[in-house]
Amino acid sequence: MKPEIIDIPGIGPAAAAALAEHGIKSVAGLSKASVERISAIPGFSEARAAGVITAAAELLATSGITPPAKDKGATSGKNGTATGKDKKDKKDKKDKKDKKDKKDKKDKKDKKDKKDKKNKGKGKGKDKKKDKNKDKKKGKK
């Protein structure tokens, strides 16, 4: 007989309903879910999430059913190819990194420009002062 989600210690009807509302409807689905995903469901702390995931995997093992591969926050399509969500996530991460790199580069340039502007003209005053001192020594005003 296939184990039910309410057969897992710590999962009663209310918790089973909460899990189902978030797409976790089977013992196998719970066993492959990530702690982050389950702990995001109201009523599940990280500790409780880890406990029920482990209990689900153990229940599957004792029932002779092999649990599917662990869910690492993203799913994969047929033959291990990335799904549209995976591709979008990767693109979003890359875009974020590119945007940050561009901002850092701009900030660095702005800082350099500000420093150059601040230093612009420095030394000219000294040269004029030196020239005046030379002129005084030569007898010029």
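Two residues are in contact when they have heavy atoms within 4.5 Å of each other. Helices (H or I, at least four residues) and strands (E, at least two) are DSSP runs, numbered from the N terminus.

## Basis of the report

The model is predicted, so local features need pLDDT of at least 70 and side-chain atom pairs count only at pLDDT 80 or more, whereas totals for chains, interfaces and linings use all residues. Residues are numbered from 1 along each chain as its sequence is written, and side-chain values use heavy atoms, with hydrogens and water left out.

## Overall fold

The protein chain contains 6 helices and 0 strands, in the order α-α-α-α-α-α along the sequence.

Of the 141 residues in the chain, 18% count as buried. Buried means under 20% relative accessible area, exposed over 50%, and partly exposed in between (1.4 Å probe, protein chains only). The accessible surface of the chain is about 11,500 Å², and carbon and sulfur atoms account for 56% of this area. Accessible areas come from the Shrake-Rupley method with a 1.4 Å probe; for residues, only the protein chains shown count as cover.

## The largest nonpolar core

A nonpolar core is a set of buried Ala, Val, Leu, Ile, Met, Phe, Trp, Tyr and Cys residues joined through side-chain atoms within 4.5 Å. The largest such core has 20 residues, and those with the most contacts inside it are Ile5, Ile8, Ile11, Leu19, Leu30, Ile38 and Phe44. Helices H1 (13–21), H2 (27–32) and H4 (46–63) each supply at least two residues of this core. The greatest share comes from H4, with 6 residues. In soluble globular proteins, nonpolar side chains tend to be buried together.

## Helix H4

H4 has 18 residues, which at 1.5 Å a residue should span 26 Å; its end C-alpha atoms are 26 Å apart, in agreement with this. The expected span is 1.5 Å times one less than the number of residues.

The buried residues of H4 are Ala49, Val52, Ile53, Ala55, Ala56 and Leu60. They lie on the same side of H4, because they cover an arc of only 165° around the axis; the arc is that of the directions from the helix axis to the C-beta atoms. These buried residues pack against H2 and helix H3 (35–39). The face turned away from the buried side carries the exposed residues Ala47, Ala61 and Thr62. After H4 comes Gly64, which has a positive phi, near 85°.

Leu30 is found in helix H2 and is buried, with a relative accessible area of 0%. Leaving aside residues up to four places away in sequence, Leu30 touches Ile5, Ile8, Leu19, Ile24, Ile38, Val52, Ile53 and Ala56. Leu30 and Thr54 are 24 residues apart in sequence, with their C-alpha atoms 9.1 Å apart in space.

Ser31 also lies in helix H2 and counts as buried, at 3% relative accessibility. The side chain of Ser31 reaches the backbone oxygen of Ala28 at 2.8 Å.

## Phe44 in a loop

Phe44 lies in the loop between H3 and H4 and counts as buried, at 5% relative accessibility. Beyond residues up to four places away in sequence, Phe44 touches Ile11, Ala15, Leu19, Ile38, Ser39 and Val52. Phe44 and Ala15 are 29 residues apart along the chain, and their C-alpha atoms are separated by 8.6 Å.

Conventions:
Polar contact = N/O pair within 3.5 Å; in protein donor to acceptor, adjacent residues only side chain to side chain.
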